[in-house]
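Hi,

Here is the structure I said I would pass on.

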Amino acid sequence: MSNITSSPLPRQIADAHVDGLIELDPIFGTYLGAPGTGSRLPDFSPAGANAVAALARTTLDRLTEAEARPGAESDAERRLPSATVPSRWKRHANCSAPSAC
């Protein structure tokens, strides 16, 4: 069995990023409906801003590594419902008026 913490796939890293952001910014957590965040506030000091920036840098570094791993391109990993998603995107991208699509 693979160790998720040593070789996570992109979706796992994205989920961990959201969890970390909720910890650093409980207002964001409240917006998402995360339990236990409604009574806290984020750290608005420069240290709090640095923590959010560090989380973003770490996440981007981890994503770069994870995207090279086998399985990172699968529909299940990217949470695409099916191969028909791209055709729907193309249909909407080619619409001249949103009401016509």
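The buried residues of helix H1 are Pro10, Ile13, Gly20, Leu21 and Ile22. Bear in mind as you read that this is a predicted model. H1 itself covers residues 10–24, so 15 residues, and its first and last C-alpha atoms are 21 Å apart, close to the 21 Å expected at 1.5 Å a residue. Some of those H1 residues come up again below, as partners of residues elsewhere in the chain.

Start just upstream. Pro8 sits in the segment before H1. Its relative accessible area is 5%, so Pro8 counts as buried, the cut-off being under 20%. What does Pro8 touch, not counting residues up to four places away in sequence? The list is Ile13, Arg62, Ala66 and Arg69. Pro8 and Arg69 are 61 residues apart along the chain, yet 8.7 Å separates their C-alpha atoms.

Next is Thr59, which belongs to helix H3 (residues 46–66). Once neighbours within four places in sequence are set aside, Thr59 is in contact with Ile13 and His17.

Leaving out neighbours within four places in sequence, Thr37 has contacts with Ile22, Pro26, Gly29 and Thr30.

Now for the chain as a whole. The protein chain has five helices and zero strands, and reads α-α-α-α-α along the sequence. Of its 101 residues, 18% are buried. Among contacts with a separation of 6 or more, 48% come from residues 24 or more positions apart. The accessible surface comes to about 7300 Å², and carbon and sulfur atoms account for 60% of that.

That's what I have so far. Over to you!

Methods: Residues are numbered from 1 along each chain as its sequence is written. This is a predicted model: local features need pLDDT of at least 70, side-chain atom pairs count only at pLDDT 80 or more; totals for chains, interfaces and linings use all residues. Side-chain values use heavy atoms; hydrogens and water are left out. Helices (H or I, at least four residues) and strands (E, at least two) are DSSP runs, numbered from the N terminus. Contact means heavy atoms within 4.5 Å. Buried means under 20% relative accessible area, exposed over 50%, partly exposed in between (1.4 Å probe, protein chains only). Accessible areas come from the Shrake-Rupley method with a 1.4 Å probe; for residues, only the protein chains shown count as cover.
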